Number of protein chains: 2
Amino acid sequence: MTIPDGQTLADVGEFALIAELAGLFPQGEHVLVGPGDDAAVLRVRTGHVVVSTDLLVEGRHFRRDWASAEDVGHRAAAQNLSDVNAMGGTAHSLTIGLAAPPDLPASWAVDFAKGFAAECALVGASVVGGDLARASEIVIAVTVIGACTQAPVLRSGAQPGQVVALRGRQGWAAGGLAVLGRGFRSPRVLVEAYRRPEPPYDAGPAAAAAGATAMIDVSDGLVADAGHVARDSGVAIDLHRDAFDIPEPLQAVAAATGSDPMALVLGGGEDHPLLAAFAPAAVPDGWTVVGDVREGEGVTVDGAEYDGPTGWVHF
Amino acid sequence: MTIPDGQTLADVGEFALIAELAGLFPQGEHVLVGPGDDAAVLRVRTGHVVVSTDLLVEGRHFRRDWASAEDVGHRAAAQNLSDVNAMGGTAHSLTIGLAAPPDLPASWAVDFAKGFAAECALVGASVVGGDLARASEIVIAVTVIGACTQAPVLRSGAQPGQVVALRGRQGWAAGGLAVLGRGFRSPRVLVEAYRRPEPPYDAGPAAAAAGATAMIDVSDGLVADAGHVARDSGVAIDLHRDAFDIPEPLQAVAAATGSDPMALVLGGGEDHPLLAAFAPAAVPDGWTVVGDVREGEGVTVDGAEYDGPTGWVHF
């Protein structure tokens, strides 16, 4: 079945829409029963199972005029897949709850699902279940389940004398958001980075294998998330400004808006790079050492308290 | 920490509220890492893992003037635990996404969590993760993960010549909803049944062990959910009116509203009893045979098409 143009969720109806969406989600070999029964059935090997859940709310976490439905699908999947990556695991199964107004174009839901499925395909994960409900705004609830083949890397294992290293883009999504917030559409590479983050999915398990002692994905902001590692590990973390190469598009945005590009790097979230603690000699290729772990508490930048914006406030 | 009376979610803030809520969820032995890291970590034995997700939206699935926060917590957990029950499994882990207006009393979120935790305790399941977000209405997203010690019971295994049997209350929640919808508060037992369903949690695994060939929990409505079994199994199901003892409170509501109590039984949802197909000799104690499985398709009542309300429409 194909949904005709211009039809809303209410026109199409719950069961027809579920059937349409379910057809967009290929099922991996570990999925014995996919969407459509009371529950999905998976075959999982003994070991560590990791589980995380995230909400995205229209107007709060995305705007339909700033990102396509497909973009939102990519992002909703990416931020959850990244949580598993940050444990050193690989995601295998996800569920989606989609609450939406009845007048939402059904094509929005279909395009969202296509983007979500495409992002999941990057790691070989399957969408195994979901629910639809009527609401006054779009609320997307994603739960991800993954497996770790070695001990999961928590936030709590950083030790004084280690370094913290970063893998993946940082500050790009914040730059894109700054651009969109001012009514512009370029630098396009930053806008795209905001719309579709590119978490380094292979890097989490590799970091675990290389001996990372603590790891987090940077979703709230670099200083904020480093603070979560510092708190949970009972240590202090000092970040070093000169460790960061400010890429040209970030310099351009900062110049155009009269702001400090380092603020985008230190305060920006939603790029979902990994921040991990390693023994100095254990930092894997592809990671950039951006700071060190010390006795104490809290996060400093070049040894001093950082008073710029540090992250996202949810309420 | 205890949240002072009268504080809203915005007053308390995300991180303080998460800390408060996390303290309400005891963690089972299978939970190696509970809420607070990028993901929870569970130890799961090899076998069949079942996963399901559900949304509850304020004004659509619950009203704050019709049910306490604790009631809503019980119900949100129950409807998810019931999905695992309907596979013949037992739930071990759940996640909660709570999107809510910033002016929601923080005590509502706390009481919701208490009710949710109490319902989970009935089956020994743990709340292992969650997320909070700001939204214009309350949207609750729950995902449940469970284990089956034998082959999961799908909706698709009913065969002609078998019977369908019911275990648990049916029509009570619909009766309670009818009462509340008319501005009354009694019969209290029905109102309570609507506010806090009592799924027969031990009955799902027992039915699987007894050889149930198809199973579903009745959440949409008896005729509607029997229809899902009939469709997925490629059979017809005939329900028998005289198999149902209409309990006195349902008779009272029907008399007071000039309606047919059988309509509450056949059309009502949200009680979460189990409906399962068995060979006639295999029906376990405690189950009531309410119909039979035939060649054909669709659901009939006493051999005729049923034209009453059959279930819940989501859009």
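Predicted model: local features only at pLDDT ≥ 70, side-chain atom pairs only at ≥ 80, totals over all residues.
Me: How many residues does the contact take from chain A, and how many from chain B?
Reply: Contact here means that heavy atoms lie within 4.5 Å, and residues are counted separately on either side. The contact takes, from chain A and from chain B respectively, 63 residues and 63 residues.

Me: How much area do chain A and chain B bury between them?
Reply: The size of an interface is often given as the accessible area lost when the parts come together. In this model, 60% of the area buried between the two chains is on carbon and sulfur atoms. The area that chain A and chain B bury between them is about 5,200 Å².

Me: Which residue of chain B forms a salt bridge with Arg155(A)?
Reply: The rule finds four salt bridges across the interface of chain A and chain B. For a pair to count, a side-chain nitrogen of Lys or Arg must be within 4 Å of a carboxyl oxygen of Asp or Glu. In the pair that includes Arg155(A), the closest N and O atoms are 3.7 Å apart, and the partner is Asp37(B).

Me: Which residue in β3(B) is the bridge partner of Ala40(A)?
Reply: Strand β2 (residues 40–44) of chain A and strand β3 (residues 47–57) of chain B run antiparallel, and five bridges join them. Within this pairing of strands across the two chains, the bridge partner of Ala40(A) is Val51(B).

Me: Is His228(A) buried or exposed?
Reply: His228(A) lies in helix α8 (residues 222–233) of chain A, and, leaving out residues up to four places away in sequence, it touches Arg155(A), Ile216(A), Asp220(A) and Phe15(B). A residue counts as buried under 20% relative accessible area. Because the relative accessible area of His228(A) is 10%, the residue is buried.

Me: What separates the C-alpha atoms of Ala203(B) and Gly286(B)?
Reply: Ala203(B) is placed in helix α7 (residues 203–210) of chain B and counts as buried, at 1% relative accessibility. Beyond its neighbours within four places in sequence, Ala203(B) is in contact with residues including Leu274(B) and Trp287(B). Gly286(B) is 83 residues from Ala203(B) along the chain, and the separation of their C-alpha atoms is 8.8 Å.

Key:
Residues numbered from 1 in each chain as written. Chains lettered and ligands numbered in written order. Heavy atoms only, no water. Buried area = accessible area lost by both parts, 1.4 Å probe. Pairing = 2+ DSSP bridges. Helix = DSSP H or I, 4+ residues; strand = E, 2+ residues; numbered from the N terminus. Buried < 20%, exposed > 50% of the residue type's maximum accessible area, 1.4 Å probe, protein only.
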